[in-house]
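Open the viewer and get ready to select side chains. This tour goes stop by stop.

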Amino acid sequence: MGRTSGGNTAAGGVGTARKSMALGYLLLILAGGLGAHRFYLGRIESGVAMILLTAVGWSAALFLGVHILLGAHFTWWIIDLFLLPEMIREEAVLKNRADGHGTAEETGSMPLAAE
């Protein structure tokens, strides 16, 4: 059983803790071509798409001399540098909803009016 940063024990301990911005950027910078940051945030489909784009892009560049796919991959990587904070915030909101916590707007409850 894994431990989360909040002290709660979760089955398997996978994906239960709040995601770290620093670790997200570290994964993006060191293994962004493999979609590691997207796998970390639970975005499996786009992580697989990044792996495929990297593999096809490098293959096309090495064997055919076509570099357009590497350019597309690099552009996606650069865009993710800016999107990563929002992706982490979205993941935190989804986790809060799954845990039954959320803002008044998300839960449908209205705050009490101050008198």
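A salt bridge here is a side-chain nitrogen of Lys or Arg within 4 Å of a carboxyl oxygen of Asp or Glu. The model you are looking at is predicted. The whole structure holds three salt bridges.

Select Arg89 and Glu86. Their side chains form a salt bridge, 3.3 Å from N to O. The two sit three residues apart in helix α4, about one helical turn. Arg89 is partly exposed at 48% relative accessibility, and Glu86 is partly exposed at 36%.

Next, select Arg38 and Asp80. Their closest N and O atoms are 2.7 Å apart, a salt bridge. Arg38 belongs to helix α2 and Asp80 to helix α4, so this pair links distant parts of the chain, 42 residues apart. Are Arg38 and Asp80 buried or exposed? Both are buried.

Now go to Glu90 and Arg43. This salt bridge has its closest N and O atoms 2.7 Å apart. Glu90 lies in helix α4 and Arg43 in the loop between α2 and α3, so the pair ties together parts 47 residues apart in sequence. Glu90 is partly exposed, at 35%.

Move to the rings. Select Phe74 and Trp77, both in helix α4 (residues 68-98). Their ring centres are 6.1 Å apart and their planes at 15°, so the pair is stacked. Trp77 is buried, at 18% relative accessibility.

Then show Lys19 and Tyr40. The charged end of Lys19 sits over the Tyr40 ring, 4.9 Å from its centre.

Last stop: the surface. Select Leu34, Phe39, Ile44, Val48, Ile51 and Leu52, which form a nonpolar patch with about 500 Å² of accessible area together. Helix α3 (residues 44-64) gives the largest share, four residues. Phe39 lies in helix α2.

How values were computed. Residues are numbered from 1 along each chain as its sequence is written. This is a predicted model: local features need pLDDT of at least 70, side-chain atom pairs count only at pLDDT 80 or more; totals for chains, interfaces and linings use all residues. Side-chain values use heavy atoms; hydrogens and water are left out. Rings of Phe, Tyr and Trp (its six-membered ring) pair if their centres lie within 6.5 Å; planes under 30 degrees apart count as stacked, over 60 as edge-to-face and the rest as tilted. Buried means under 20% relative accessible area, exposed over 50%, partly exposed in between (1.4 Å probe, protein chains only). A charge sits over a ring if NZ of Lys or CZ of Arg is within 6 Å of the ring centre and within 35 degrees of the ring normal. Patches are made of residues with over 30% relative accessible area and no salt bridge: like charges are joined within 9 Å, nonpolar side chains (Val, Leu, Ile, Met, Phe, Trp, Tyr) within 5 Å. Accessible areas come from the Shrake-Rupley method with a 1.4 Å probe; for residues, only the protein chains shown count as cover.
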